[in-house]
Amino acid sequence: MKLLTFLNNIKLLLVFTIFCPILLSGEKLNLFEGHWLTSGSIVLVKKCNNELCAFIEEVTIEDEDGFKLKYDAQNKNKSLRNRPLVGINLLQDFPYPDQTTKILRNGKIYDPGRGRVFKSNLYILDNGNLKVEGCFFRVCGHEEWSRLN
């Protein structure tokens with residue numbers, strides 16, 4: 001009986017030793033990834049190839065008639081004004097960061113409210129929010145996004 005218990009414990013130890021590194025070696029999310037509430041939408045930040053992307057998943061603002069805004073109507077490129085806002089990637093040129101990076105600089109962000117692309121920096125704040133900065137020449141404005149998950 002003791003031998004059987006001993007062998008079962010050895011089996012468990014072997015299974016743990018083999019599978020634990022596999023389970024723990026999975027790619028961990030970085031601080032930027034996840035769902036974020038912006039001033040006008042819900043955005044999913046995730047890895048796309050070797051860059052960080054931010055796709056609009058839901059629009060939360062309404063026009064003057066009470067309808068949720070649906071199209072990229074302010075886009076400077078007239079041929080894109082009829083594309084849906086949902087699905088647009090807002091970020092460009094941000095390399096995918098490691099798990100401890102809290103600041104990303106020198107990327108670009110598309111602002112659907114203005115229909116323009118701006119130079120951008122991203123900061124994870126001490127409160128866990130994401131500060132999204134957009135700059136035109138040397139004048140910068142920012143918005144703070146709240147994590148949803």
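Student: Which elements each supply at least two residues of the lining of the largest pocket?
Tutor: General idea first: a pocket is an open set of points on a 1 Å grid over the protein atoms alone, with protein on both sides within 12 Å along at least five of seven lines, and a lining residue has an atom within 4 Å of a point. Strands are DSSP runs of E of at least two residues, helices are runs of H or I of at least four, and both are numbered from the N terminus. Here, β3, β5 (103-111), β7 and β8 (139-147) each give at least two residues. β8 contributes the most, with six residues. One thing to keep in mind: this is a predicted model, where local features need pLDDT of at least 70 and side-chain atom pairs count only at pLDDT 80 or more, while totals for chains, interfaces and linings use all residues. Residues are numbered from 1 along each chain as its sequence is written, and side-chain values use heavy atoms, with hydrogens and water left out.

Student: How much space lies in the largest pocket, and which residues lie nearest its centre?
Tutor: A volume is the space filled by probe spheres set on the grid points, which are joined across faces, edges and corners. For the largest pocket that comes to about 730 Å³. Its lining has 33 residues, and Asp-111, Pro-112, Gly-113, Arg-114 and Glu-143 lie nearest the centre.

Student: How do the lining residues of the largest pocket divide by class?
Tutor: Ala, Val, Leu, Ile, Met, Phe, Trp, Tyr, Cys and Pro count as nonpolar, Asp, Glu, Lys and Arg as charged, and the others, Gly among them, as polar. The pocket lining has 18 nonpolar, nine polar and six charged residues.

Student: And the cavity: which residues line the largest one?
Tutor: A cavity is a set of points where a 1.4 Å probe fits but cannot get out. Phe-32, Val-45, Leu-52, Ala-54, Leu-91, Leu-122, Leu-130, Val-132 and Trp-145 line the largest cavity. β3 (51-59) and β7 (130-136) are the elements that give two or more residues to that lining. By class, the lining is nine nonpolar, no polar and no charged residues.

Student: Asp-72 is charged, so is it buried or exposed?
Tutor: Buried means under 20% relative accessible area, exposed over 50%, and partly exposed in between (1.4 Å probe, protein chains only). Asp-72, in the loop between β3 and β4 (91-92), is buried, as its relative accessible area is 0%. Now look at its polar contacts: pairs of N or O atoms within 3.5 Å, where, within protein, one must be able to donate a hydrogen and the other to accept it, and residues adjacent in sequence count only if both atoms are side-chain atoms. The Asp-72 side chain pairs with that of Arg-83 at 2.9 Å and with that of Tyr-110 at 2.5 Å. Beyond four places in sequence, Asp-72 also touches other residues, including Leu-80, Ile-88 and Pro-112.

Student: What does the side chain of Asn-121 pair with?
Tutor: Asn-121 sits in strand β6 (residues 116-124) and counts as buried because its relative accessibility is 12%. Its side chain makes a 2.8 Å polar contact with the side chain of Glu-133, and one of its polar side-chain atoms lies 3.1 Å from the backbone nitrogen of Asn-106.

Student: What is the phi of Asn-106?
Tutor: Near 70 degrees, a positive value in a residue other than glycine. Asn-106 is in strand β5 and is exposed, at 66%. Asn-49, in the loop between β2 (41-48) and β3, also has a positive phi, of about 55 degrees, and is exposed at 73%.

Definitions and conventions:
Contact = heavy atoms within 4.5 Å.
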